[in-house]
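This briefing walks through a structure with the sequence and coordinates at hand.

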Number of protein chains: 2
Amino acid sequence: MKTLLIGATGTLGTAVHKELSARGHDVIAVGRSAGDLRCDISDPAQTAELYRRVGRVDAVVSAAGDVPYKPLPEMTPEDYRAAFTGKVLAQIELVRQGLAHIAERGSFTLVTGILAREPIPTGSAASMANGALEAFVRAAAIEIAPRRINAVSPNVFTESLADYGSYFPGMGSVGLDEVTQAYVRSVEGGQTGQVYAL
Amino acid sequence: MKTLLIGATGTLGTAVHKELSARGHDVIAVGRSAGDLRCDISDPAQTAELYRRVGRVDAVVSAAGDVPYKPLPEMTPEDYRAAFTGKVLAQIELVRQGLAHIAERGSFTLVTGILAREPIPTGSAASMANGALEAFVRAAAIEIAPRRINAVSPNVFTESLADYGSYFPGMGSVGLDEVTQAYVRSVEGGQTGQVYAL
């Protein structure tokens, strides 16, 4: 299975890359500044160029998306626009443009996050972005069949608690091994329109 | 109660205006091309000017938000950006800028819609926008207290079935009287962070 992995060099992307490779996928690793190919998916023109280069793929897997974190009164319109462009539209364009390149029963797997359902202070742009994508995934699923689309919506990673745990008091965590299995479920299974809340 | 109503001249806004006025609110009706004041909230600068003119308010109520409807493969990045600017950021800016003008226990009531949870073909931008706002409302609530924020997320209006019913097969409808009561619940009650799914 030829699998395009965006955000391949982050904490999540590295784990997904390892698991999909171990399962026999031919993974094309894409990053902004490292990987087999370079692409900043917040620029739809770069996404178009990426698809021109890779041709037909069986699965598109995203572990990418940046949003600003600030107290709400300090947010600006540009901060919300950046969250939209960097996480929402970036992944929507992976899907929309990818329709011309994905296999007939191929799949898109996007990444959202727990802030869609459980807010934290400073996280209003992240919540907005994640909520946008989860609703988009439900909507896109009914339009792109038999091609499929799902979202992985994880808690803070157990492996990242030392760095970020203080932002998620009492909220637990999820191990990267469990998160990577949600990607496997989306890519190799038959489900569509699902949000895997982990 | 001094209540700023955005989108006052549409089907929903007209009903909300009538109900809030009947309940004794001093309603300032705002529309893009009609009303007591004119404002296009998709332009944050116009929202700033609106707040400068109205001064302190007890409640901000929105019945405004435009999104494009198209089959997903015909959508463009500009369509999704338009949905973000016209419905998501427009209402976020009502809240963010409104923090400096709203009473200490004042409220913001935004409008989303059933497509956040129940998709229809051509509705991917609407679903995206509604999902974004509903997650934003949950996130903003924990940061702006004791000021409050809720969203009204209605089905197609019973009164609009003749025009739009064919897009919502088997999905029922909700009467404007029930929708206006959700606005009343948000504005006059004590709840916050709620999405009233009608």
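In this predicted model, 37 residues of chain A are in contact with 37 residues of chain B. The area buried between the two chains comes to about 2,900 Å², and carbon and sulfur atoms give 74% of it.

**Interface between the chains**

- Of the area that chain A buries against chain B, A:Leu72, A:Arg96 and A:Glu143 supply 21%, which is more than any other three residues.

**Sheet and helices of chain B**

- Chain B holds an open sheet of seven strands with parallel pairing, and the strands follow the order β3-β2-β1-β4-β5-β6-β7.
- At the edges of this sheet stand β3 (37-38) and β7 (195-197) of chain B, and because each has a single partner strand, one side of each is left without a neighbour in the sheet.
- Within the sheet, strand β5 (residues 102-111) and strand β6 (residues 148-153) of chain B pair in the parallel sense over five bridges, and B:Ser107 stands opposite B:Arg148 in β6(B).
- Helix α4 (residues 124-144) of chain B packs on the sheet, where it touches β5, β6 and β7 of chain B, and its direction makes about 165 degrees with that of β6(B).
- Helix α3 (residues 77-98) of chain B lies across β1 (2-6), β4 (57-62), β5 and β6 of chain B, and runs at about 175 degrees to β5(B).

**Nonpolar core**

- In soluble globular proteins, nonpolar side chains tend to be buried together.
- The largest nonpolar core here has 95 residues, and the members that touch the most others are A:Leu4, A:Tyr80, A:Ile149, B:Leu4, B:Tyr80 and B:Ile149.
- Leaving aside residues up to four places away in sequence, A:Leu4 touches A:Ile28, A:Val30, A:Leu50, A:Tyr51, A:Val54, A:Val57, A:Ala59, A:Val60 and A:Val61.

- The side chains of A:Arg96 and A:Glu93 form a salt bridge, with 2.7 Å from N to O.
- Because A:Arg96 and A:Glu93 are three residues apart in helix α3 (residues 77-98) of chain A, about one helical turn separates them.
- A:Arg96 has a relative accessible area of 18% and is therefore buried, while A:Glu93 is also buried, at 0% relative accessibility.

- In chain B, the side chains of B:Glu188 and B:Arg23 meet in a salt bridge at 2.9 Å from N to O, a pair that links distant parts of the chain, since B:Glu188 belongs to helix α6 (residues 176-188) of chain B and B:Arg23 to the loop between α1 (11-22) and β2 (26-31) of chain B, 165 residues apart.
- B:Arg23 also forms a salt bridge with B:Glu19, for which the closest N and O atoms are 3.9 Å apart.
- The residues of these pairs are partly exposed: B:Glu19 has a relative accessible area of 23%, B:Arg23 one of 41%, and B:Glu188 counts as partly exposed at 34% relative accessibility.
- In chain A, a network of salt bridges links A:Glu19, A:Arg23 and A:Glu188.

Conventions:
Residues are numbered from 1 along each chain as its sequence is written. Chains are lettered from A and ligands numbered from 1 in the order in which they are written. This is a predicted model: local features need pLDDT of at least 70, side-chain atom pairs count only at pLDDT 80 or more; totals for chains, interfaces and linings use all residues. Side-chain values use heavy atoms; hydrogens and water are left out. A nonpolar core is a set of buried Ala, Val, Leu, Ile, Met, Phe, Trp, Tyr and Cys residues joined through side-chain atoms within 4.5 Å. Buried means under 20% relative accessible area, exposed over 50%, partly exposed in between (1.4 Å probe, protein chains only). Contact means heavy atoms within 4.5 Å. Two strands pair if DSSP finds at least two bridges between them. Helices (H or I, at least four residues) and strands (E, at least two) are DSSP runs, numbered from the N terminus. Axes are lines fitted to C-alpha atoms, for helices over the stretch in contact, and angles run from 0 to 180 degrees between N-to-C directions. A salt bridge is a side-chain nitrogen of Lys or Arg within 4 Å of a carboxyl oxygen of Asp or Glu. Buried area is the accessible area (1.4 Å probe) that two parts lose on being put together, summed over both.
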